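This report describes selected features of the structure shown below.

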Amino acid sequence: MNLKTSFPVLFFVLLSGTLLYGQGEDKLFSITVFDGNTGNPLENANVYIQECNCGGITDRNGNYSRSLPTGQYRITVSYTGYESTDLEVDLTADVSLETQLLQRVEQLSEVFLSAKQKNENVELPQMGVLRLQSQDLIKVPSGLGEYDVLRSMTLLPGVNNAGEVSNGLSIRGGSLDQNLILYDHAPIYNPTHLFGLFSVFTPDVLSNIDLYRANIPARYGGRTASVLDVGVKKPYVDKFKLSGGVGLVSSRLAIETPLIKDKLNLMVGTRASFTDFLLPIFSKRLKDTKAKFYDTTLKLLWLPNPDDQIFLTGFFSKDIYELELISQIENINSDKNRYDFMALNGTLNWLHTFNEKASLRSILVSSNYVPKNILPITGSSDEIEYRSKINYLSFISEYANKPKSTLDYYLGLQAKKYLVGQGTLDPGGSNSVLPVALHDENSYELSAYSNVNWQLAPPVTLSLGLRFNHYVFGGPYTFSTYDDQGNIVSAEEFEKGSKVIDYNNLEPRVGANIKLGERTSVKLSYAQVNQYLQNVYNSTTPLPTSRWKSSDRYIKPQQSQSYGLGFFHNSADNSVELGVEGYYRDSQNDLTYKPGADFFLEEFLEQKVVQGKGKAYGVEFSLKKTGGKVNGWLNYTWARSFVRTYNENLADRINNNDWFPSDFDRPHIFNGTVNFESNPYNKWSLNFTAQTGRPYTTANGFVVVDDIEVPVYLERNNSRLPVYHRLDFSWRISYNQKKNKRWKNHWVFTIYNLYARKNPFNIYYQQRTSNENAEIFSNSPLGAYELSVLNSPLFAITYNFVFQ
């Protein structure tokens with residue numbers, strides 16, 4: 001570890017050491033929370049201690065403990081979907097309790113997100129952690145009448161996307177591929193349906209949703225900007241339960257049921273959409289568009305004995321849509337693009353509990369992603385198909401222990417195998433196109449990691465993590481060398497199974513929480529992360545023709561070091577949360593495309609891309625009110641994101657090797673969500689977002705070639721789209737409030753883009769051949785035109801129900 005890497009670690013350790021002091025004669029309070037119906041421990045149950053206005057959440061074994069001064073305490077134990085219980089404890093000596101919670105008949109089991117303790121934003125040692133509660137998610141007005149994970153995340157500080165239709169998230173100025181998105185431990189490479197309007201996660205089966213933006217825990221690796229960990233809830237059920245929803249755009253159905261009482265439980269959720277007839281209503285540009293999608297999530301829980309829990313999760317996602325030609329392939333006569341995405345994931349998770357404090361978790365993951373681009377030949381039944389793939393296998397073994405209330409840790413091993421199919425072109429019956437098959441890429445990664453959360457003294461808590469990665473890129477592979485003009489001068493062949501190159505990296509992660517009172521804290525963080533798989537694209541948002549690329553001899557792993565400092569304060573009995581976070585992220589080997597690069601079926605991709613440096617920094621302000629009839633949150637972010645490359649060849653230079661704004665540089669972002677809950681039957685929500693326009697590249701001039709004016713681009717991202725802003729509205733109506741009624745239902749009516757703002761998605765240029773719009777373009781040979789995806793409000797209504 002070099003001095004630059006080790007300095008932040010030493011700084012935090014020394015800082016915390018100066019604040020260490022001895023504890024008084026405290027007593028240990030411990031509690032274990034069980035499901036009153038199944039007897040299984042409840043993870044993430046909320047334990048709230050009224051006298052100190054503090055508390056926490058139970059671990060995987062249902063345990064929570066805390067040292068407290070001698071005295072009388074009132075304890076409230078609660079969990080989403082269960083009746084809460086109140087306890088009184090006389091803490092004159094160490095106390096250990098057990099309690100059971102009974103399931104509550106829900107008005108609607110929409111989506112259960114991670115249980116959150118009161119004061120959690122102040123108590124946790126980690127910085128940059130975002131968690132949405134279930135009541136928050138279902139209030140956010142969605143685009144098409146359905147609550148959505150990714151769209152809700154974009155309302156939080158530091159989170160953004162490329163626009164109205166974008167298939168991913170940008171976290172603190174990072175690119176879309178710099179986010180590790182996990183769904184029950186399995187990676188997701190394309191997280192959206194329907195051009196980015198929906199996320200692929202089946203809504204009715206979701207559990208915890210955690211976004212790590214700063215001090216990424218050591219168990220995660222492989223992406224430099226963030227981790228979005230989406231979990232599927234565990235089917236702890238003792239009776240049949242049916243839930244779902246019917247909407248204009250998509251419909252959902254979920255089933256939870258025991259298969260063998262107290263031994264084997266099943267949960268399955270599915271969603272489907274056939275939207276072709278509605279698309280022209282949303283936008284005239286979509287009049288010839290066809291689209292449909294569906295996803296299914298299945299989870300089995302087997303309880304062979306009291307010490308073991310075995311989970312099997314399966315996930316399948318499919319998208320098929322066809323639209324006017326937006327990407328052209330040479331020699332192919334087609335006026336349409338048909339996109340076909342398929343993802344198939346499986347997770348086998350075995351949790352063994354040694355005692356109330358120690359456990360071992362073993363996880364086997366398989367993930368397969370296959371994007372296809374199909375081009376129907378005009379006037380013929382023939383089709384040309386381009387296909388790529390990512391096959392992923394992973395095994396994780398992690399041991400966790402909490403030897404005392406002020407100390408817990410975990411350590412683990414992870415092995416990964418990637419097979420990246422660079423692409424094949426099947427010409428079908430066409431005689432004008434030759435078949436192409438690029439070499440597959442094989443890579444392996446072995447990691448060891450450990451993380452410790454340690455309360456040095458009541459005001460100081462540390463989170464110390466370390467991860468080591470050994471990455472190997474293997475054959476078959478052809479390593480080519482080039483001259484100054486880019487011509488191949490030699491080629492070295494590597495056989496299957498041989499090592500081409502390897503990389504070894506050490507990744508320290510440090511977080512420190514210094515409490516200034518029961519409701520106020522200051523946090524510091526540092527994290528170093530490496531990324532070995534990247535997505536290469538030269539459009540605003542990746543298309544199926546974009547390329548996933550493993551790190552090799554030419555394309556080195558991306559690296560980042562991020563620093564954070566934050567202030568957090570709660571007031572009004574923790575119902576009002578204030579947070580201010582500042583961050584700086586320095587990155588190396590960021591991947592971008594050379595001027596005029598075309599990646600499609602390019603055998604020597606390293607000739608089309610260049611790696612450089614990146615920097616992102618900003619300050620995030622957030623204010624959240626969780627209680628009362630009027631609640632919601634406001635946040636403002638000032639942030640910058642820049643990229644710089646170094647290339648000696650003048651023709652390959654980007655912005656003349658100077659810093660330029662990245663595609664996700666948005667200096668000013670404001671989001672506000674207000675919820676009105678005047679009575680149990682009606683709930684209204686308004687969401688407003690406004691942000692600086694996205695950077696784009698405009699021509700610096702033009703030259704005449706064969707009597708055609710050709711634009712000349714000397715600078716990248718040298719202009720900006722107009723300011724983006726939008727207002728959304730949601731109304732939830734529920735009139736069946738009887739507690740014992742087995743059929744529960746409600747309606748959700750939404751209006752997305754309430755005042756019909758025409759937010760430009762892009763600006764493109766066309767050759768002018770007449771005097772059309774001369775009052776705008778004067779004598780310019782090129783005309784600039786705005787492309788807006790949505791030109792009117794989107795109205796949607798959904799009927800949701802639960803039967804149990």
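## Strand pairing

Strand β8 and strand β15 (residues 206-212) run antiparallel and are joined by three bridges. This description rests on a predicted model. Within this pairing, V129 has Y212 of β15 as its bridge partner.

Both strands belong to an open sheet of five strands with mixed pairing, in the order β8-β15-β16-β11-β12. The edges are formed by β8 (129-131) and β12 (186-187); each has a single partner strand, so one side of each lacks a neighbour in the sheet.

## Nonpolar cores

The largest nonpolar core comprises 25 residues. Y189, L194, Y369, I390, Y418, L533 and W548 have the most contacts inside this core. At least two of its residues come from each of β20 (290-305), β22 (336-353), β23 (358-376), β24 (383-404) and β25 (407-426). The largest share, four residues, is supplied by β24.

Beyond its neighbours within four places in sequence, I390 contacts Y189, S367, N368, Y369, Y418, L419 and W548. Another core, of 24 residues, lies apart from the one described above and includes L155, L156, V200 and L211.

## The surroundings of T296

T296 is located in strand β20. Its relative accessibility is 27%, which means that T296 is classed as partly exposed. When residues up to four places away in sequence are not counted, T296 touches T202, V268, G269, T270, G314, F315 and F316.

The side chains of T296 and T270 are joined by a polar contact of 3.0 Å. T296 is also 22 residues from K318 in sequence, with a C-alpha to C-alpha separation of 9.3 Å.

Note on methods
Residues numbered from 1 in each chain as written. Predicted model: local features only at pLDDT ≥ 70, side-chain atom pairs only at ≥ 80, totals over all residues. Heavy atoms only, no water. Pairing = 2+ DSSP bridges. Core = buried A, V, L, I, M, F, W, Y, C linked by side-chain atoms within 4.5 Å. Buried < 20%, exposed > 50% of the residue type's maximum accessible area, 1.4 Å probe, protein only. Contact = heavy atoms within 4.5 Å. Polar contact = N/O pair within 3.5 Å; in protein donor to acceptor, adjacent residues only side chain to side chain.
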